[in-house]
Amino acid sequence: MQHALDEQQAHVYSIALTAIAKEPDQTEWEIKEVVEKLAPLFAPTLADDQYTPIVRQLISALNVRVDRGVAITEQGHEPWLEKHRHDISWHRWTAYKQLLLAKNYPPRVVDTMDQVTNDIVDHLGNPRLPGPWRRRGLVIGDVQSGKTASYIGVIDKAIDAGFRLVIVLAGSTESLRQQTQERLDEGVIGRSTRDGNQTGSASTVGPYGIGQFNAELPTVQSMTTVLKDFTKLVKRNTNIHIGQGTEGSTFIVVLKKNGKVLEAVYDWLERQQITGNQLTAPLLVLDDESDYASVNTRATEDENPTAINGKIRDILGLFERSSYLAFTATPFANIFIDSDVSDDLFPRDYVYALEAPSNYVGARVFFGTSYEPASKALLKPTDAEAYFPSKHNKRLRVNGIPRSLQEAIEAFFIANAVRDIRGHSSDARSMLINVTRFKDVQATVSEIVSDYVTELRNAVQFHSLSYANGTPNSSIENLEKTYFKVYGDLAETVDESWKAVLGRLPSAVTGIAVQTFNSDSDKKLEEQNLSWDRPPRLIAVGGDVLSRGLTLEGLTVSYFYRRAAAFDTLMQMARWFGYRPGYDDLCRLWIDETIAAQYRFIDEAISELRDDLRYMKAQRLTPSDFGLAVKKHPESLLVTARNKMRSAEDHKKVVSLVGRRIESTKLSSEPDAIGANMAAFRQLVMALDESTPRYMDLVEWRDVDKSLISAFLTSFTGAKTDPIWFADNLAKFVSASRGPLLSKWDVAVVRGSQNHDWSTSGIEGLEIPVPRRNVVVSPNGELAVAGKSSRLAGPHDLARFLSAEERAQAEANYRRSHEQDEETNVGEAAFYPVLKNPVLLLYPLVASFADAEVDQTTLKVQASVDSQRSKGNLLIAAKLAIPGERASASKTGDIEYVINKVATRTWFADFDETELSDDYDG
């Protein structure tokens with residue numbers, strides 16, 4: 001952990017960082033030597049032992065690394081920036097780079113950002129190139145990973161290069177628009193627009209942000225302010241003309257994604273056209289959270305698109321030269337845009353995937369991987385369902401909060417005390433509570449939470465001293481129990497022991513405030529021209545408004561009990577991702593185990609998407625090819641809301657299974673299904689050649705005819721919500737295949753470890769230890785196999801079909817193509833390209849049920865599954881592996897299935913796109 005530096009230490013740290021940043025690859029001894037030289041000059045009163053924290057934080061900052069990322073582009077793009085970079089005065093970028101370093105951004109991160117933003121600006125198009133031209137692109141980042149910092153750098157360089165009008169689409173809420181305006185004031189404009197109706201011009205506002213690093217910074221006029229959006233400044237704005245070409249003033253507009261606001265901007269620009277000719281000033285439209293609201297959800301009605309999508313296209317159409325740049329962490333909706341519609345927003349020119357720095361706390365840090373789930377930071381709200389049912393409406397009566405939520409609030413109290421002990425007293429910190437999408441319910445929850453916070457704070461302030469001296473108090477006793485349960489490892493240190501925390505609690509919790517964030521509170525900001533007042537110690541209660549771009553500074557504790565059926569919706573709710581310097585060990589998340597498994601799956605899906613980009617770049621494929629490839633993903637129908645995929649209904653979908661992980665991780669708990677799957681397993685194994693050698697971990701058969709595989713898949717069925725394994729989709733795929741690729745298969749029954757249950761597996765002579773898997777019961781009674789990990793196969797199951805030499809070569813090839821070092825462990829994706837035959841792995845399983853003692857649904861299903869086991873029917877799960885690389889898949893590995901309206905309603909039964917109504921907080 002890192003303790004905060006005092007003022008003198010921070011001053012030395014800043015100077016040393018600037019000095020070392022020019023040559024960051026220095027040893028610890030060299031860094032220490034720099035500090036020892038600078039400290040006596042700039043902080044002569046510091047003692048020698050006060051140098052050590054400075055050196056440690058410098059080492060931490062300088063060791064943070066970030067990869068450059070990967071891009072695929074349309075054929076024919078001619079790079080221009082490198083040729084002209086010496087002709088451009090980089091006023092804004094230089095000042096912004098100084099600002100980032102002054103804010104202690106790691107030098108290597110800033111250096112990589114410089115390279116990445118060069119790449120992106122090069123793809124925006126040359127603003128000095130005579131028109132007409134237009135560009136469409138997409139940048140993919142991680143949730144809370146610093147996308148805003150990156151796109152501010154892009155805007156600064158775009159303005160330096162000659163773009164004359166920048167329109168930033170900053171989400172759909174006023175609080176997010178204000179947050180974005182403040183960031184752009186600091187990083188682009190160089191003047192604060194918080195006060196009055198000021199435009200951000202040098203004559204009205206003093207230096208701010210980058211303005212402090214360059215007194216001669218060329219003026220950028222802001223058409224919006226922190227307190228007022230474009231519609232409230234229309235009268236002033238209509239008298240301002242952007243002019244023609246690349247000469248003259250530069251303007252920036254920060255907008256909500258609101259039809260009326262976009263209409264006002266369109267009217268302002270349309271009136272500036274001369275005799276209907278397009279405007280010649282080069283335009284950049286930067287669309288933050290671009291998968292939200294910007295996508296035309298009327299996919300079959302392009303002549304009548306949705307209001308926001310249509311108006312974005314209209315504004316772009318006013319300009320002879322325009323560049324549309326989409327930024328998002330969840331790009332699924334963007335790549336489902338119809339690429340055949342010429343003026344829509346499909347990223348036809350380029351797709352760029354950013355990489356997060358090594359100090360980013362993302363899905364893998366919180367949730368682990370499919371093979372190694374995380375546990376320390378995650379806690380289970382096992383009592384939440386009784387208070388916040390997964391299916392409820394706005395009339396839900398909430399009469400209290402579960403003990404698990406009280407425990408989370410107590411953990412936040414404790415974390416505040418610990419951070420103060422560490423010297424972080426002036427740093428903001430926050431807690432997130434997201435348990436419902438309905439505003440009425442949020443209001444009730446917020447009120448009850450406020451009451452509990454008041455009760456707990458009073459107990460701390462009035463009784464902590466007497467409790468320390470032996471006088472009992474139930475509230476303080478709960479805090480102590482939570483301390484040892486949630487932060488027990490802190491007890492090993494004297495500074496952060498329970499005694500030390502108890503002594504610091506009274507001052508640490510004084511400023512904790514509870515606020516509700518939803519469309520009502522957001523509307524109040526807009527209507528009353530208020531700025532968002534962010535308490536430095538905040539408990540934020542809300543739902544969807546908290547899920548899109550809004551940053552909760554110093555987020556430490558999160559309580560999340562929500563369900564969503566779409567990848568992008570779920571991932572955007574994860575406000576707990578980001579950077580947690582000096583307090584990452586305090587971060588805790590109360591979350592349902594099933595939802596945690598979904599986050600792991602989503603993270604894996606996005607990682608596969610990035611892998612596809614790498615493959616496609618190597619094969620010189622284009623964004624249009626990328627869009628098609630993602631549409632082929634087996635999970636593509638579940639990655640975004642149904643109104644962004646209307647064309648999928650009553651529509652045949654072709655899915656490539658080559659190189660993909662195809663596992664039946666969802667199973668039916670119905671007795672008939674369990675019995676039928678066991679019968680299919682028996683029939684296949686008994687039909688195979690029993691003389692085949694048996695291995696320690698696999699009972700294996702080679703070169704099995706596809707007819708036996710097809711017969712098994714015909715009889716086998718997965719859960720109804722699994723579009724690949726349900727019905728006979730896979731059986732048709734195998735039986736209809738032509739050519740040698742799928743004619744012969746390798747089959748194996750996977751054994752458990754020696755300490756697993758011994759069983760005959762229901763087949764005479766097949767005596768093996770049966771694998772045991774954690775199983776979670778979903779609300780509809782289906783079985784999610786593998787519980788936390790959401791993985792059926794072990795990390796090495798597939799590799800066992802390869803010799804030691806083949807495996808070593810496959811791993812080397814994978815590391816080389818992915819630019820990984822020798823110490824990096826590779827996943828099973830490395831082995832698909834070198835498999836001789838397609839593989840069928842069979843898993844007869846014994847189920848281990850999580851939380852059976854508190855979940856009545858689980859108890860009921862467990863009894864049914866145990867009853868089947870007593871009859872000799874184990875759970876049967878399966879995995880397919882088709883040889884080859886995903887990006888180079890041929891039609892031989894394609895599977896076709898039909899999505900009808902009934903299936904769509906079933907899969908998305910628990911999720912509807914948020915409507916802007918009085919009931920929801922969207």
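**Questions and answers on a predicted protein chain**

The secondary structure of the protein chain comes to 26 helices and 26 strands; helices (H or I, at least four residues) and strands (E, at least two) are DSSP runs, numbered from the N terminus. This is a predicted model, in which local features need pLDDT of at least 70 and side-chain atom pairs count only at pLDDT 80 or more, while totals for chains, interfaces and linings use all residues. Residues are numbered from 1 along each chain as its sequence is written, and side-chain values use heavy atoms, with hydrogens and water left out.

User: What percentage of the 922 residues of the protein chain count as buried?

Analyst: Buried means under 20% relative accessible area, exposed means over 50%, and partly exposed lies in between (1.4 Å probe, protein chains only). Among the 922 residues of the protein chain, the share that counts as buried is 57%.

User: Among contacts between residues at least 6 apart in sequence, what percentage join residues at least 24 apart?

Analyst: Contact means heavy atoms within 4.5 Å. For the protein chain, among contacts between residues at least 6 apart in sequence, the share joining residues at least 24 apart is 80%.

User: Are H14 and H15 roughly parallel or roughly perpendicular to each other?

Analyst: Two packed helices are described by the angle between their axes and the distance between the axes. Axes are lines fitted to C-alpha atoms, for helices over the stretch in contact, and angles run from 0 to 180 degrees between N-to-C directions; under 35 degrees counts as roughly parallel, over 145 as roughly antiparallel, 65 to 115 as roughly perpendicular and the rest as oblique. Helix H14 (residues 439-468) and helix H15 (residues 474-486) have axes 8 Å apart and pack at an angle of about 90°. H14 and H15 are therefore roughly perpendicular.

User: How many nonpolar, polar and charged residues has the contact of H14 with H15?

Analyst: From H14, Glu-455, Leu-456, Ala-459, Val-460 and Tyr-467 meet Ser-475, Ile-476, Glu-477, Leu-479 and Glu-480 in H15. Ala, Val, Leu, Ile, Met, Phe, Trp, Tyr, Cys and Pro count as nonpolar, Asp, Glu, Lys and Arg as charged, and the others, Gly among them, as polar. By class, the contact of H14 with H15 has 6 nonpolar, 1 polar and 3 charged residues.

User: How many aromatic pairs does the count come to?

Analyst: Rings of Phe, Tyr and Trp (its six-membered ring) pair if their centres lie within 6.5 Å; planes under 30 degrees apart count as stacked, over 60 as edge-to-face and the rest as tilted. By this rule, the number of aromatic pairs is 8.

User: Is the pair of Trp-133 and Phe-163 stacked or edge-to-face?

Analyst: Trp-133 lies in strand S2 (residues 133-140), and Phe-163 lies in the loop between helix H7 (147-161) and strand S3 (165-170), 30 residues apart. Both Trp-133 and Phe-163 are buried. The ring centres of Trp-133 and Phe-163 are 6.5 Å apart and their planes are at 85°, so the pair is edge-to-face.

User: How many residues apart in sequence are the parts tied together by Tyr-151 and Phe-327?

Analyst: The rings of Tyr-151 and Phe-327 have centres 5.5 Å apart and planes at 70°, so this pair is edge-to-face. Tyr-151 counts as buried at 1% relative accessibility, and Phe-327 is buried at 0%. Tyr-151 lies in helix H7 and Phe-327 in strand S7 (residues 321-328), so the distance in sequence between the parts tied together is 176 residues.

User: The charged end of which residue sits over the ring of Tyr-266?

Analyst: A charge sits over a ring if NZ of Lys or CZ of Arg is within 6 Å of the ring centre and within 35 degrees of the ring normal. At 4.6 Å from the centre of the ring of Tyr-266 sits the charged end of Lys-311.

User: Which residue does a cis peptide bond join to Gly-131?

Analyst: Most peptide bonds are trans. Gly-131 is found in the loop between H6 and S2 and is partly exposed, with a relative accessible area of 31%. With omega about 0°, a cis peptide bond joins Gly-131 and Pro-132.

User: What is the phi of Asp-703?

Analyst: Most residues other than glycine have a negative phi. Asp-703 is found in strand S18 (residues 698-705) and is partly exposed, with a relative accessible area of 39%. Although not a glycine, Asp-703 has a positive phi of about 55°.
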